[in-house]
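Colleague: Could you walk me through this model, starting with the overall fold and ending with a single residue?

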Amino acid sequence: SLDAFPKTFPIKIIKKCWKDSYKITSVEYCNGIWVVLSEASKDSVKQTVVLKPNLPTDELRKTWREGRKVTFLTYGKGRWVVISEPVNGPVGQSFFASNNGFPIMKIKEFYSQQKRIHSIVYAEEENTWALILEPKSNQQPQQRVHFL
């Protein structure tokens with residue numbers, strides 16, 4: 001139901017994108033503005049969106065149990081946003097969160113374990129970094145993270 005979302009969250013825009021066969025690739029919030037980025041899809045779009053006021057650890061686990069992968073994770077205006085879609089085969093994603101500064105050592109550890117970062121988000125209001133990780137395949141280029 002549309003009533004479940006805050007009035008300022010762009011759920012109507014997201015649903016219109018899906019209706020027009022556009023897949024959501026990014027949702028961001030900054031300075032009072034929500035931005036939705038989407039791209040045309042040849043197939044019907046089967047994404048879902050969930051908003052949570054707290055770190056969505058349980059929601060992520062539920063998503064993976066249901067055979068869905070997180071296509072996008074973000075945080076804005078006091079809400080965590082999880083966009084997911086069904087996959088054929090194992091999901092393979094995992095989640096890490098830290099409120100002890102930028103987790104560069106943990107990221108290096110993940111890279112040594114042949115994992116790559118799918119999403120990285122900072123929730124300033126919660127002072128929390130959150131990462132969605134997935135296995136690195138041999139076909140994917142090496143990934144690096146840079147921060148100042």
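Colleague: How many helices and strands are there in the protein?

Modeller: A word first: this is a predicted model, in which local features need pLDDT of at least 70 and side-chain atom pairs count only at pLDDT 80 or more, while totals for chains, interfaces and linings use all residues. Residues are numbered from 1 along each chain as its sequence is written, and side-chain values use heavy atoms, with hydrogens and water left out. Helices (H or I, at least four residues) and strands (E, at least two) are DSSP runs, numbered from the N terminus. From that end the elements run α-β-β-β-α-β-β-β-α-β-β, giving 3 helices and 8 strands.

Colleague: What is the radius of gyration of the protein?

Modeller: The radius is taken over C-alpha atoms, and the globule rule is 2.2 Å times the number of residues to the power 0.38. That rule gives 15 Å for 148 residues, and the protein comes close to it, so it is as compact as a globular protein of that length. Its radius of gyration is 16 Å.

Colleague: Which residues of β3 lie on its covered face?

Modeller: In a regular strand the side chains alternate between the two faces of the sheet. For β3, the uncovered face holds T48, V50 and K52. The covered face has V49 and L51.

Colleague: Last one: which side chain of opposite charge is nearest to K136?

Modeller: K136 lies in the segment after β8 and touches Q114, K115, R116, P141 and Q142, leaving aside residues up to four places away in sequence (contact means heavy atoms within 4.5 Å). Lys and Arg count as positive and Asp and Glu as negative, with His and the chain ends not counted; a salt bridge is a side-chain nitrogen of Lys or Arg within 4 Å of a carboxyl oxygen of Asp or Glu. K136 is buried yet has no salt bridge. At 11 Å away, the nearest side chain of opposite charge is E134.

Definitions and conventions:
Buried means under 20% relative accessible area, exposed over 50%, partly exposed in between (1.4 Å probe, protein chains only).
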